[in-house]
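Have the model open so you can turn it around as you read.

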Amino acid sequence: MASAPKDITIIGGGIIGCSTAYFLTRHPSYSPETHRITLLEASSSNAGGRTADSITDPATLADPTTASKKNPAHEGIAGGASGKAGGLLALWAFPSNIVPLSFKLHDELAKEHGGDKRWGYRRCYASSIESRARLPPGFEGAEKEEGVDPVSSGAVAGSKGLHKDHKKDSKVRRKLDAPEDLDWLDIEGSVGRYQEMGNPENTAQVHPELFTRSMAQLAEDRGVKIITGARVTAINKTGDEKGVESVTYIKDGKEETLPTTNCVLAAGPWTRRLLPEIPVTASRAHSVVIQTPRPVSAYALFTAIQLPNGFPTPTPTNSKGVPGAHRPLRGSQVVEPEIYARPDGTAYACGPTDTVAELPLTTAEVEVDAARCEDILHQVGGISDELGRDGQVLAKQACYLPQGGPWIGEVPRTKGLVVAAGHTCWGIQNAPATGKLVSEIILDGKPKSAKLGGCDPSLAL
Ligand SMILES: Cc1cc2nc3c(=O)[nH]c(=O)nc-3n(C[C@H](O)[C@H](O)[C@H](O)COP(=O)(O)OP(=O)(O)OC[C@H]3O[C@@H](n4cnc5c(N)ncnc54)[C@H](O)[C@@H]3O)c2cc1C
């Protein structure tokens with residue numbers, strides 16, 4: 001049964017906004033004749049946050065007949081973290097009140113819409129691994145100068161052949177308890193800890209950009225109007241301040257006002273710019289996508305890599321890097337890039353967050369520090385030839401991680417204003433549950449599929 005007519009405006013074309021649009025159109029009370037749903041996305045380009053030589057459409061890697069094709073009118077959708085995340089899904093993620101629902105919805109969505117081919121959904125393993133990196137080409141001499149014995153450090157120049165041989169030695173692998181099919185990791189240099197964190201029963205992955213684009217397309221197919229290049233500047237309240245009246249946005253330099261009865265603020269790290277009282281913060285993170293010489297087995301790896309003396313020094317958290325000018329490390333350092341093998345013949349790896357660049361106006365202006373991408377490439381290449389010497393770098397990118405939440409629910413004292421933001425490092429995992437709960441809050445008047453628990457914004461305000 002259709003509910004009373006609503007003018008619903010979603011602010012933000014990331015995974016949270018697009019999943020919300022999708023679930024609103026799948027709600028039993030939704031009818032395109034009764035309800036108007038508009039999604040406004042500030043950016044009209046996905047080029048921001050990627051270096052000029054980066055791949056622009058990841059769907060070109062997968063089977064083009066089935067992968068989510070880029071809709072030119074959707075340029076700007078998934079331009080932020082939702083297009084540049086790893087895409088790991090896990091029943092062991094947090095918060096526990098929404099994780100099981102979201103994990104299940106991901107599975108159902110993949111079954112219903114062919115997500116395996118369309119957005120790279122598959123079950124996978126997740127493991128933590130401690131390893132020691134080899135020195136990258138051009139840095140071997142630096143270690144000798146420091147007076148470290150290159151043999152004992154496991155970093156002899158010209159060790160690659162030997163190294164490769166060791167890597168394929170299943171006896172060594174068994175000793176370390178690393179699975180046989182994790183054959184793209186140079187375990188010879190490992191300091192010995194391999195631990196399974198998740199398995200295909202409780203762990204999966206998606207390509208986040210393709211998933212987000214698909215949600216947007218599937219929502220549009222059921223009547224959602226998507227406007228990109230539309231940056232919202234104000235959520236306007238009714239005269240008595242108790243409800244939402246309209247949303248003001250700027251598109252092509254022109255100010256527009258959209259009548260709105262229900263507004264969903266899903267602006268990720270930008271949320272505070274429109275609603276300062278919602279405690280969502282933003283930190284920049286870099287990542288890379290590497291085409292491997294052969295598809296690598298389905299593992300997400302949480303690494304702790306010991307960088308030896310002479311290794312390219314990682315760019316400090318608080319200063320800008322200079323690409324191609326890494327100084328040799330004095331002493332050793334442990335870094336923890338995460339690596340995700342993907343079914344499209346690539347691997348994704350991300351590094352730590354930094355505090356150098358303030359959150360810009362839109363995703364289109366996100367600045368990439370190429371030296372930080374080089375850091376990740378050196379580090380993952382130091383433990384895997386597939387990711388280093390034999391891999392081809394397809395993308396160097398940066399985005400802003402929203403932190404502080406997730407906050408999902410009606411903002412106290414403003415009827416019709418719902419926030420869905422601050423999803424931390426599990427926003428891809430928790431997007432379907434967020435979208436479903438928001439659809440229930442708007443069309444049923446309350447969340448039904450899960451408890452909001454600590455996600456309820458009334459706890460913060
Ligand atoms: C390096 C990295 C790896 C990650 N890996 C994983 C992972 O493996 N698994 C996982 O579950 N999560 C992961 N995450 C977290 C996940 O990416 C985020 O939680 C999620 O993408 C947040 O989605 P969002 O839609 O809230 O925000 P965003 O993707 O930032 O989208 C917000 C959108 O709102 C738009 N917007 C902002 N202001 C306005 C405005 N005024 N008007 C109109 N539009 C506006 C922006 O342009 C943007 O497109 C990772 C994050 C990072 C940074």
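This is a predicted model: local features need pLDDT of at least 70, side-chain atom pairs count only at pLDDT 80 or more; totals for chains, interfaces and linings use all residues.

Now look at who Glu386 is paired with. Its side chain meets that of Arg294 in a salt bridge, with N to O at 3.0 Å. Glu386 sits in the loop between helix H10 (370-381) and strand S18 (392-403), while Arg294 sits in the loop between strand S13 (281-291) and strand S14 (299-307), so this pair ties together parts that are 92 residues apart in sequence. Arg294 is partly exposed, at 29% relative accessibility. What lets such side chains find each other? Side chains of opposite charge can pair when their charged atoms come close.

Salt bridges can also share partners. Here, Arg134, Asp186, Asp385, Arg389 and Asp390 are joined into one network that way. The count of salt bridges comes to 22. Another of them links the side chains of Glu75 and Lys70, at 3.4 Å from N to O. Glu75 is partly exposed at 24%, and Lys70 is partly exposed as well, at 23%. Then there's the bridge between Lys117 and Asp116, with N to O at 3.9 Å. Lys117 has a relative accessible area of 48% and Asp116 has 45%, which means that each counts as partly exposed.

Next stop: strand S20, residues 417-421. How many of its residues are buried? Five of its five are, so to speak, under cover. In a regular strand the side chains alternate between the two faces of the sheet. You can follow that idea here: Leu417, Val419 and Ala421 are on one side, Val418 and Ala420 are on the other, and all of them are buried.

Strand S12 (residues 262-265) runs parallel to S20, and three bridges join them. Find Val264 and you'll see that it stands opposite Val418 in S20. Strand S19 (residues 407-410) pairs with S20 in the antiparallel sense, over four bridges. Val418 shows up again here, as the bridge partner of Glu410. S19 and S20 form a hairpin with six residues between them, and Arg413 in the turn has a positive phi of about 70°.

Finally, let's visit the ligand. Which residues come nearest? Of the 39 residues around the ligand, they are Glu41, Ser82, Thr424, Cys425 and Gln429. By class, this shell has 25 nonpolar, 12 polar and two charged residues. Several elements each supply at least two residues of the shell, among them helix H1 (15-26), strand S2 (36-41), S18 and helix H11 (427-443).

A polar backbone atom of Ile16 is 3.2 Å from an oxygen atom of the ligand. For Gly87, the distance from a polar backbone atom to a ligand oxygen is 2.9 Å, and a backbone N or O atom of Ala81 lies 3.4 Å from an oxygen of the ligand. How much of the ligand's accessible area does the protein cover? On its own, the ligand has 1000 Å² of accessible area, and the protein covers 97% of it.

Notes:
Residues are numbered from 1 along each chain as its sequence is written. Side-chain values use heavy atoms; hydrogens and water are left out. A salt bridge is a side-chain nitrogen of Lys or Arg within 4 Å of a carboxyl oxygen of Asp or Glu. Buried means under 20% relative accessible area, exposed over 50%, partly exposed in between (1.4 Å probe, protein chains only). Two strands pair if DSSP finds at least two bridges between them. A residue is near a molecule or strand if one of its heavy atoms lies within 4 Å of it. A polar contact is a pair of N or O atoms within 3.5 Å; within protein, one must be able to donate a hydrogen and the other to accept it, and residues adjacent in sequence count only if both atoms are side-chain atoms. Accessible areas come from the Shrake-Rupley method with a 1.4 Å probe; for residues, only the protein chains shown count as cover. Ala, Val, Leu, Ile, Met, Phe, Trp, Tyr, Cys and Pro count as nonpolar, Asp, Glu, Lys and Arg as charged, and the others, Gly among them, as polar.
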